[in-house]
Amino acid sequence: MPEPLLDVRDLRVSFRTRTGPVTVVDGVSFAVAPGEVLGVVGESGSGKSVSMLAVLRLLTNPNVTVSGQVHFRGRDLLTLPDREMRAIRGREIAMVFQDPMTALTPVYTVGWQIAEQIRAHEQVSRKEARARAVRLLSDVGIPDAASRADAYPHEFSGGMRQRAVIAMALSCDPALLIADEPTTALDVTVQAQILDLMRELNARGSAVVLITHDMGVVSEITDRVLVMYGGRVAEEGPRRAVFHGPRHPYTWGLLDSVPRVGGARLRRLPTIAGMPVSPGSLPAGCAFAPRCRLRHERCEELPALVAGSADFEHRDACWLPPDDRAALRVTARTEASGTGTAQEVAS
Ligand SMILES: Nc1ncnc2c1ncn2[C@@H]1O[C@H](COP(=O)(O)OP(=O)(O)OP(=O)(O)O)[C@@H](O)[C@H]1O
Ligand code: SF4
Ligand SMILES: [Mg+2]
């Protein structure tokens, strides 16, 4: 992998709650190369959003503690003064969240907000900024952009608001776009259009971190995949490697539940057997152990994220022997159907 654009190391986030501190992101490390698309998947509550909010320093709750390192273009974002961080957000790193209203202010027109975003980072006249805002709105498919620019966010539909937020992201050609389920609330046609816009941004050179529940999207547009489980990275690697040779039992569960080609297109992350992990009660060892058919004694210790012998870019956190994971996956399936024992595999 070339020199990373974003290099997150040992990120930890905990919240102080009435019942004591709860760690929801527990030593997450990952990197994003310039121009790369990283897909982030994991079930609800696995810490995807909190991790990205921590990277962007948007967790302002006084009860939150963040530690680790977030290197971006040679600087550690976690130690930057607020002013410098604000300059990075919006210009070098753009964000698109599930609810576009978090990025739009209800009391200003959409066009004004995009123009101000341009003016915050570039020395251009109001008139020029407004003309660029209109062009951008038109580029993202807002009909009659010159007059729609004067509308307020509540006068836009959800899909149009999301396009406006993407227009804002496009306005500054960010080196990195972090998109957290940007299409979940939208209908299928609009989803496809928003994904096209993100592809376009990527084609213009921006790296993208895309959190999504849609494994179809992951398989279509990402270069690499990060699978999170219980606030930790379960598996990470090039898309092809993860889809064709998944290594972690949680990833097996995810992929085995995806309908085969010709089946219904899967829009939500598949659910797998067993109760989701609760961050307040993470097991000391592997977080997936309570649901894992191949758990064995060693799983009471925390497995490190390490590469298998074949591909140093493909890493997973599991105590199973590194070779023959494909065979172990078959064994896990057999286990699921009620024959064989985990001990046979683990020993
Ligand atoms: N302010 C908070 N105080 C305490 N716990 C929180 C707070 N915000 C988030 N959490 C917890 O952090 C964990 C991770 O949440 P996060 O929103 O990152 O999950 P996610 O992976 O993005 O899930 P989803 O797919 O549902 O968006 C959850 O268990 C959540 O309850
Ligand atoms: S085999 Fe053990 S370490 Fe691997 S996923 Fe299962 S419980 Fe976790
Ligand atoms: Mg989330």
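A residue is near a molecule if its C-beta atom, placed from the backbone, lies within 6 Å of it. Nonpolar covers Ala, Val, Leu, Ile, Met, Phe, Trp, Tyr, Cys and Pro; charged covers Asp, Glu, Lys and Arg; the others, Gly among them, are polar.

The model is predicted: local features need pLDDT of at least 70, side-chain atom pairs count only at pLDDT 80 or more, and totals for chains, interfaces and linings use all residues. Residues are numbered from 1 along each chain as its sequence is written, while chains are lettered from A and ligands numbered from 1 in the order in which they are written.

**Ligand 1 and helix α1**

Ligand 1 is surrounded by 14 residues, and the closest are V24, S44, K48, S49 and V50. Its shell has five nonpolar, eight polar and one charged residues. β1 (6–17), β2 (20–32) and α1 (48–55) each supply at least two residues of that shell. Helices (H or I, at least four residues) and strands (E, at least two) are DSSP runs, numbered from the N terminus. The largest share, three residues, comes from α1.

Eight of the eight residues of α1 are buried, so α1 is largely enclosed by the rest of the structure. Buried means 20 or more other C-beta atoms within 10 Å of the residue's own, exposed means 12 or fewer, and partly exposed lies in between, with C-beta atoms placed from the backbone. The buried residues of α1 are K48, S49, V50, S51, M52, L53, A54 and V55. R57 follows α1 and has a positive phi, near 60°.

**Helix packing**

Two packed helices are described by the angle between their axes and the distance between the axes. Axes are lines fitted to C-alpha atoms, for helices over the stretch in contact, and angles run from 0 to 180 degrees between N-to-C directions.

| Pair | Angle | Axis distance |
|---|---|---|
| α4 (126–139) and α6 (158–171) | about 120° | 9 Å |
| α6 and α7 (188–203) | roughly 0° | within 11 Å |

α4 and α6 are therefore oblique to each other. Angles under 35 degrees count as roughly parallel, over 145 as roughly antiparallel, 65 to 115 as roughly perpendicular and the rest as oblique. R132, L136, L137 and D139 in α4 meet A164, A167, L170 and S171 in α6. Contact requires C-beta atoms, placed from the backbone, within 7 Å. These contact residues divide into five nonpolar, one polar and two charged.

α6 and α7 are therefore roughly parallel to each other. From α6 come G159, Q162, R163, I166, A169 and L170; from α7 come V190, I194, L197 and L201. This contact has seven nonpolar, two polar and one charged residues.

**Single residues**

I93 lies in strand β6 (residues 93–97). I93 counts as buried, with 25 C-beta neighbours inside 10 Å. Leaving out residues up to four places away in sequence, I93 touches L56, I88, P174, L176 and I178.

Most residues other than glycine have a negative phi. D173 is not a glycine, yet its phi is positive, about 40°. D173 sits in the loop between α6 and β7 (176–180). D173 is partly exposed, with 13 other C-beta atoms within 10 Å. D324, also not a glycine, has a positive phi of about 60°. D324 lies in the loop between β12 (315–316) and α11 (325–336). D324 is exposed, with 12 other C-beta atoms within 10 Å.

Notes
Contact = placed C-beta atoms within 7 Å.
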